[in-house]
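Dear colleague,

Please find the structure below, with its sequence. My notes on it follow.

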Amino acid sequence: MIDLALLPLYITTVIALLLIPGPDMLLIASSSLSYGKKVGLYASLGNATSGLLLTLLAAMGVSALIAMNPMALQLLRILGGAYLLKMGWDCMRAGPIDAPEVAQDNNLAKILYRRAVFSNLLNPKALLFFVLFLPQFVSAELTASSGEQMLALGLLLNVMGLLFNLLLVGMVGSLGKPLLKNEKFRANQNKFMGLIFFTLAIWLLASQVQTMS
């Protein structure tokens, strides 16, 4: 369901896009650095989950309808920014983290999974990306419908994105191991994550201001 003549260009474009730093990369890298590889893995899976949902929406044409409604996009930006601000505030209010334990590790992993899912779903740029990017590689030469081709393209994009993020988790998570044993770092790691979420919120809300101006 993918035009083989367009496949090399598509893969090259996806790789280039993955290498551009963005809010997803920032969230996954900071989670891996602050809390270790397992939490980074769950954040990567959360990102992949939201990517699959956006792919399904794009394939069904729902996201295209939303993207054509400026008010819906503005509301989505505001909701996304507010959600990230809340996550940042929750992190800032949280107390110091004790030495990592299995139960605590599992809880953090689940929390970061959910945060990665919602932060990406509430990012209108991610929505627009799937609406505007995938159709560029839909071919009229194939018998498969545009929806089927977009689904296949989106699945390939998500697989490549997940592999890239897992590589990122492995690299950054290894660097963070000594930090997890440092009491001073553990005393401030929630504040570090809070700053990350505030940064993501400003990133998202700033794009809203630029669009409205």
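**Notes on the structure**

L41 counts as partly exposed, because its relative accessibility is 32%; the term covers values between buried (under 20% relative accessible area) and exposed (over 50%), with a 1.4 Å probe and protein chains only. Its place is in helix α3.

Before the rest, the basis. This is a predicted model, in which local features need pLDDT of at least 70 and side-chain atom pairs count only at pLDDT 80 or more, while totals for chains, interfaces and linings use all residues. Residues are numbered from 1 along each chain as its sequence is written, and side-chain values use heavy atoms, with hydrogens and water left out.

**Overall**

The protein has 9 helices and 0 strands; these are DSSP runs numbered from the N terminus, with helices being H or I of at least four residues and strands E of at least two. Of its 213 residues, 41% count as buried. The accessible surface is about 11200 Å², and carbon and sulfur atoms account for 71% of that; areas come from the Shrake-Rupley method with a 1.4 Å probe, and for residues only the protein chains shown count as cover. Among contacts (heavy atoms within 4.5 Å) between residues at least 6 apart in sequence, 87% join residues at least 24 apart.

**The nonpolar patch**

L41 belongs to a nonpolar surface patch with L45, V159, L163 and L166, together about 390 Å² of accessible area. Elements giving two or more residues to the patch are α3 (37-60) and α8 (146-180), and α8 gives the most, with 3 residues. Patches are made of residues with over 30% relative accessible area and no salt bridge; nonpolar side chains (Val, Leu, Ile, Met, Phe, Trp, Tyr) are joined within 5 Å, like charges within 9 Å. A salt bridge here is a side-chain nitrogen of Lys or Arg within 4 Å of a carboxyl oxygen of Asp or Glu.

An unreviewed UniProt entry lists residues 52-76, 117-138, 150-172 and 192-210 under "transmembrane region". UniProt positions are in the numbering used here, feature names are shortened, and annotations may be inferred rather than shown by experiment. In the model, the span 150-172 is 100% helix and 0% strand, with its end C-alpha atoms 32 Å apart.

The 13 residues of α2 should span 18 Å at 1.5 Å a residue, and the end C-alpha atoms are 18 Å apart, which agrees; the expected span is 1.5 Å times one less than the number of residues. Buried residues of α2 include L27, S31 and Y35. After α2 comes G36, with a positive phi near 105°.

α3 has 24 residues and reaches 35 Å from first to last C-alpha, close to the expected 34 Å. Its buried residues include V39, G40, A43 and G46. Just after α3, G61 has a positive phi of about 85°.

**Contacts of S31 and L112**

S31, in helix α2 (residues 23-35), is buried, with a relative accessible area of 0%. Not counting residues up to four places away in sequence, S31 touches G36, V39, G40, A43, L112 and M193.

L112 lies in helix α6 (residues 102-121) and counts as buried because its relative accessibility is 1%. Leaving aside neighbours within four places in sequence, L112 contacts L27, S31, Y35, V39, A43, M193 and F197.

Regards
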